[in-house]
Structures are given as C-alpha cells and as structure tokens.
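Hi there,

Here is the structure I promised to pass on. My notes on what turned up follow just below it.

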Amino acid sequence: MRTTTIGDVKVLLPDLEPDDLDTTTDLADGLTEALVNSAPWRGSHLEDVSIRSSMITGADLSESTWEAGSLYGCEITRTDFSGATLTGITIERCAITGSRFTGTRLTDVRLKDVLFDGCRFDYATLQRVAAAGSVAFTDCTLTNGAWSSCRLQRIALRSCDLSALELESCHLDNADLRGSRLHGLKTPLDNLRGVTLGEDQLPDLTQLTVAALDLTVRNE
C-alpha cells in the first residue's frame with residue numbers, strides 16, 4: 001500500500017508496476033491493468049466506462065465527454081482533459097500529475113483518495129463535486145475557475161494559485177489552504193469557514209474581508 005501525506009491529509013495511492021500491465025490504446029470498453037502512452041482520444045464519447053489499475057501517460061482526452069463510470073487505482077501523467085465534460089463519475093485512489101483540465105466541466109463527480117499534483121484547472125467549472133475521502137491538490141493552478149455547491153471538507157489545497165477563482169455555496173470546512181495564493185479569490189467569507197491558513201496569507205484574507213463586507217478604508 002502506497003500513501004502520501006499532504007499537511008494533515010493522508011492519501012492512499014495506486015501501487016502499479018509497468019511490467020505487470022498490457023500496452024493498449026483501445027478505450028472502447030474501458031481499461032483494466034493497461035499501460036497507455038500518447039493515446040489520441042480527443043473528442044471521445046464515453047458512457048458508463050471504467051478505467052481500473054492502469055497507467056496513462058500523455059493521452060489526449062480534450063473535448064471529450066464522459067458520463068457515469070469510474071476511474072479507480074490509476075496513475076495519470078501529462079494527460080490533456082482540457083475542454084472535457086465529466087459527469088457523474090467516481091475518481092478513487094488515483095494520482096494525477098502534470099495534467100491539464102483547462103476549461104473542463106466536472107459535474108456530480110465523487111473524489112476519494114485522489115492526488116492532483118502540478119495540474120492546471122484554470123477556467124474549469126466544478127459543480128456538486130464531493131470529497132468522500134482524502135483529496136489533495138498540490139502546486140496546481142486553479143485560476144479563473146468557478147466552483148459551486150461543492151462539498152470539499154478536509155481537503156488539502158497546498159501551494160496552489162487560487163487567483164480569480166469563484167466559490168459559490170461551497171463547503172471547505174477544515175480544508176488546508178496553507179501556501180496557496182489567495183489574492184483575487186472571489187468568495188463569500190462563509191465558504192472559508194474553518195479553513196487552515198498560514199500567517200503569510202493573512203494580508204490576502206484581510207483584502208477578501210474588506211471586499212466581502214464592502215468596507216471603506218481611509219487614511220486619516
């Protein structure tokens with residue numbers, strides 16, 4: 001069993017050996033114990049497809065649609081999900097590294113034991129995304145995104161860029177935001193109730209408070 005700890009969040013990760021996997025690029029009926037390199041899957045339409053215990057590197061899933069199904073026990077590296085629509089899928093025990101979710105729409109997605117490391121979620125839309133277990137984002141770009149009605153309690157958002165990210169009716173109770181850039185974050189203060197911050201983030205939090213309460217600050 002392989003794990004990683006991000007702040008107070010312990011994430012259970014897949015433990016795969018490439019030699020134990022079968023090389024393929026055929027996604028039609030899902031994948032199990034597959035080794036995939038540079039697969040051209042742009043614009044794919046997937047329904048109730050499951051990918052399990054697989055390593056995927058450099059695949060192109062941009063502009064694809066994926067409804068229902070699951071991603072379980074996978075390592076995904078440098079894969080392009082930009083402009084994709086993911087609806088009603090479950091992502092569990094996965095490590096997703098250096099991948100692109102620019103403009104991606106995630107709706108009714110369930111996350112459990114998932115690590116996003118060095119990924120881009122700029123201009124991404126998350127709606128009713130829920131953390132059912134440990135979830136961590138590290139060194140990710142989340143700028144100009146829009147998250148609404150998400151339940152992401154106790155997740156880690158460490159060393160991420162949250163500039164111009166909009167949060168609406170999101171629950172981030174006990175989330176760890178230390179090291180993340182908050183300047184320009186757009187959110188009601190209630191969405192940040194119970195989060196953990198570092199002292200160096202307090203000036204940004206002050207600016208958020210001034211904006212949220214429409215305060216006027218004047219020098220004497």
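The structure has 2 cavities of 30 Å³ or more. A cavity here is a set of points, on a 1 Å grid over the protein atoms alone, where a 1.4 Å probe fits but cannot get out, and lining residues have an atom within 4 Å of a point. Volume is the space filled by probe spheres set on the points, with grid points joined across faces, edges and corners.

Before the details, a word on the source: this is a predicted model, in which local features need pLDDT of at least 70 and side-chain atom pairs count only at pLDDT 80 or more, while totals for chains, interfaces and linings use all residues. Residues are numbered from 1 along each chain as its sequence is written, and side-chain values use heavy atoms, with hydrogens and water left out.

The largest cavity holds about 40 Å³ of space. Its lining is made up of Leu 71, Phe 81, Leu 86, Ile 91, Ile 96, Phe 101, Leu 106 and Phe 116, which gives 8 nonpolar, no polar and no charged residues. (Nonpolar covers Ala, Val, Leu, Ile, Met, Phe, Trp, Tyr, Cys and Pro; charged covers Asp, Glu, Lys and Arg; the others, Gly among them, are polar.) For the second largest cavity the figure is about 30 Å³, and Leu 106, Leu 111, Phe 116, Phe 121, Leu 126, Val 129 and Phe 137 line it. That lining has 7 nonpolar, no polar and no charged residues.

Now to the aromatics. There are 7 aromatic pairs in the whole structure, meaning rings of Phe, Tyr and Trp (its six-membered ring) with centres within 6.5 Å; planes under 30 degrees apart are stacked, over 60 edge-to-face, the rest tilted. Phe 101 and Phe 121 are stacked, because their ring centres are 4.4 Å apart and their planes are at 0°. This pair joins distant parts of the chain, 20 residues apart: Phe 101 is in the loop between β13 (90–97) and β14 (105–107), and Phe 121 in the loop between β15 (110–117) and β16 (125–127). Strands are DSSP runs (E, at least two residues), numbered from the N terminus. Both Phe 101 and Phe 121 are buried, that is, under 20% relative accessible area (1.4 Å probe, protein chains only), where exposed is over 50% and partly exposed in between.

Phe 137 and Trp 147 make a tilted pair, 6.2 Å centre to centre with 40° between the planes. Phe 81, Phe 101, Phe 116, Phe 121, Phe 137 and Trp 147 form one aromatic cluster.

Best wishes

Notes
On a 1 Å grid over the protein atoms alone, a cavity is a set of points where a 1.4 Å probe fits but cannot get out, and a pocket is an open set with protein on both sides within 12 Å along at least five of seven lines; lining residues have an atom within 4 Å of a point. Helices (H or I, at least four residues) and strands (E, at least two) are DSSP runs, numbered from the N terminus.
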